[in-house]
Structures are given as structure tokens and as C-alpha cells.
Amino acid sequence: MKLIYEKSQEGRRASSLPARELAVPELPDELRRERPPRLPEISEPELVRHFTRLSTRTFGIDTGFYPLGSCTMKHNPRVNERVVNLPGFRDLHPLQEEDGAQGALELMWRLQEILAEVAGLPAVSLQPAAGSQGELTGLMLMRAYYADRGEGETRRKIVIPDTAHGTNPASVTMAGYEVTPVQTDPRGNIDVDDLRAKVDAETAGLMLTNPSTLGLFDENIEEIAAIFHGAGALMYYDGANLNAVCGISRPGDMGFDIVHFNLHKTFSQPHGGGGPGGGPIAVRDRLEPFLPVPAIVRDGDEFRFDYDRPKTIGKVRGFSGPFGVFVRSYAYIRAYGPGLREMSEVAVLNANYLLAQLKEAYDLPFDRLCMHEFVLSARTLKRRHGITALDVAKRLMDYDFHPPTVYFPLNVPEALMIEPTETEAKETLDEFVAAMLEIVRDASERPEVLKEAPHDRPVGRVDEVKAAKRAVVRYLFEDHPDLSHEPGSGRQLEAQKGA
Ligand SMILES: Cc1ncc(COP(=O)(O)O)c(C=O)c1O
């Protein structure tokens, strides 16, 4: 399919605006463009066809099952879009005075209250725009907390398990801390003996997601909390996997001091293309003074921004955070009402339903009941038939399923991380199981079908290395490289989606 720039014809327009006799505003020379922007010139029918065709070539949660582990790709209820498009929300200016934005402030305040209850921690900041930014903000809170206690120079290390998502060590490094890795034990928990040897007076804290990226709830979490608190260190909860435990167990009760939420995952939000997201954080009392400003507070029947926080780490996001995400999350939570627990229970049930039917056909590194997701391995398929986790993932696309997350977590070879979420019907799960089992049969009977998959998608098997190293993401006009003659043609480059 041609790019829109390649369809462009000079002088062609999708619409024309009436000419107006308006005064041309004075602009300083240094701010003037030297030439007009090189926008595609195209008629409206061609424009509509171009984007409609593109939309049919992509895959989303609205077109099929999307079990991308750790990403929680659940259905996004349409009522959320309706609510977020109410003019009072949609047309609100970020600089609107507080008395003209009471409804929006109340919604944010209510969301804070709900998140505090779900986390089991009293104070919330809605500001961070993603889980990873929540991580960084949480670590900045730790730094401020220790600096305030005169321990800023001594506490330098954050402990992270080998199953951690890549954003965890990245955030730790960005926050100026050092990573102390800790191993996983044979049951898929943190190895407590290894941990004990690594926690000391220089430890600032732990960063952990529970359930872990193996989809397993850490059976020793209270002991782990005692080790960290005993050493005067803090516990950070990466809430990417909160979908498993809402209304059932609370990170605050497990001993965590700081929690981030991935609103876009747990409480629905279209987020397949990388955003927009929401990563609020909840903290214990002793960390509240350091939270970002503004806080949203209630005075009687009035709601307002509070900037009067002398120990705050400052602002971490423009204005008051990603407001549209707040509205959708609030709508999702209210639709479940007091039954938020049911959301997590069905997510866990769906995952265990899949696991029970797949664990004989694939390798299962940790044979336990899973939480909302689980990790299989294609190790035996690879050894016996040369079929890798990537081949399985690509072949699933021929069955109209989005591939699961592959090759993550890093401590499982040929990993396939599967997360069905609570919004999928039993029939869909059964079709997925049938496809996964057929793939195992094909691995021994006709492996070439798997090696060449996908067969029926607009983009075939791509060269993964070239996709990562030579991705062409920008049209450069006359300098645009023509890669069509190269194997794994330039237009077919795609990046591998991680967790
Ligand atoms: C376990 C885990 N932690 C953190 C993150 C980062 O969250 P975000 O993508 O919202 O930055 C992810 C994202 O997939 C994740 O799976």
C-alpha cells in the first residue's frame, strides 16, 4: 500500500476554506518558516479511503482477542467514550478557574479516594502519565524522604527481581539509584535467602510487581516486607498487574509503601499504540508531604488544587494530569461498583481456564495456580521441531489472534506470556486453546507452515533484526530510502512489541 505522501498531487485539496480579508499579524523574521510545510495534497475521497484501508490492515482489541501478557488489553466500554465526550469534560480548558471546573475536580477527587481504597494507602497523586512515570515519581519520593531524614547519601540501592519489567531498572537508573538484582526461587517467588543477603543499611527499597510477571503471587510477601522494613527501607509496588487483585488483596496491606496504578490497563483505556496512559501513585502517610503538586483537596462541598506543600518534589506532569484517562477509569470503576473484586476474580478464572488446557501441550516452568496471566515456554517445541516462541506467536496471527508477549520475563526461555483479561467470553478462550493446540500438532507434522507464518496478514514475516535496527519511521521525501528490493522490504518493517 502506498504512503499518503506517495499519493500526493500538487494543488489537490480535500476541502477549501472561504478566502477572508484578514490582517496578517506581524511576525518576527526569525520565527517565520522559510518554506511552507510539505503536507500531502490529496482529495477528500482519496484521503478517506487511505485511512479507512489503513484501519482495516491493523489489529486491535476491537477486532480480536489480544492476550498480550502484562499489557492487560481489555475491552474498552463505549459508555466511557460517551462520558468523556460530555461537553463539560471535553471542552474544559486546563487553565479554567477552579469554581468553573468543580465537576472535573470532584471526579478527580473521587478517583483519588477510590484508588486509595484499592491500594490500601491513604494519599494519592493522579499526576504521572504512565506506569513508568509513576515508577520514576515513586523513586523521587523515596529520595526526598531519605534526604529529609538525613539518609539521602547512604541509601543508594534498589532491589529488583530478575522477572522485573524493563522499566523498573530503567526508572531506578534514571532516579540516580543502583540496581541490586535478586533471583527467583524454584516456585517462582523471590528467593528470600538471596534477598536477605542483599538488603542492608544502604538499601533504599524494593521494586516489585505482585503478582509477578510470571503471573504468580509471591507467597512470602509478608516476610519480604519485614526484611525491608526491618532494614529501614521502603517497598514500591509496580501496579501493572493490579488487575489480578483488585478488591481481594491490597498492596498497602501486603506491606508496600508506594504503589503506582496503570489506569490504562486495570481500568480500561485504548492504549495499544502507546498511549495515552495514566500512572497515579498512592503512598503511606509518611511519604504524603513529598507528593507532587497540585493535590486535589475537598473543603466542605468545594474542590480545589492545593499547591501549599512545602516538601513536595514539584510537578511531574503538565496541568493536573491526563484528565480523559481519569474520566474513563472512573466510569469503568463505577460501572463495576462495589463488584470490582468480580473484575479480578473473572480475570484470574479466565487465565486459569486457559492454563489448565495448555499446560500439557507446552512447558510450564512453574506449575502453580496462576493469577490473571501465566507464562508458558516453547522450549520443548524448539528442541524437538525447531519451532520457537516467535513462530508460535506469528502463527497465532493466522487465526486472527494478537500474539501473546514473547521472550519475557527473561528468566524463562522461549517464553509465551498470556493474559486473557476478564472481558473475554468462554467461546473466545476455547478458540484460542484450539489454535494453540493445533500449532503444537503442526510443529511435528508441517513445521514449515509455522516457520513462514503469518500467511494471511497484510504484513508477512519480517526481518526482526532489520526491523529493530533499520526501522524507517519518517518519510524523507527525495532522501526517502527505497528498501523495496531488500528482503523483508522496508515497508514491512515493524518493531517487536514488548510487555
Ligand atoms: C510489569 C510492568 N511494569 C511497568 C510497566 C510500565 O507501564 P507503562 O507502559 O504504563 O509505562 C509495564 C508495561 O507494560 C509492565 O508490564
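For charge counting, Lys and Arg are positive and Asp and Glu negative, with His and the chain ends not counted; a charge sits at NZ of Lys, CZ of Arg, CG of Asp or CD of Glu. This is a predicted model, where local features need pLDDT of at least 70, side-chain atom pairs need 80 or more, and totals for chains, interfaces and linings use all residues. Residues are numbered from 1 along each chain as its sequence is written, and side-chain values use heavy atoms, leaving out hydrogens and water.

Q: How far apart are the centres of the positive and negative side chains in the protein chain?
A: The protein chain carries 58 positive and 74 negative side chains. The centres of those two sets are separated by 3 Å.

Q: What percentage of the 499 residues in the protein chain is buried?
A: Buried here means under 20% relative accessible area, with exposed over 50% and partly exposed in between (1.4 Å probe, protein chains only). Of the 499 residues, the buried share is 49%.

Q: How many residues of helix 15 are buried?
A: Helices are DSSP runs of H or I with at least four residues, and strands are E runs of at least two, numbered from the N terminus. Helix 15 spans residues 389–398 and is mostly covered. Its buried residues include Asp-391, Lys-394 and Arg-395. The count for helix 15 is ten of ten.

Q: Which residue just after helix 15 takes a positive phi?
A: The phi in question is about 70°. The residue that takes it, just after helix 15, is Asp-400.
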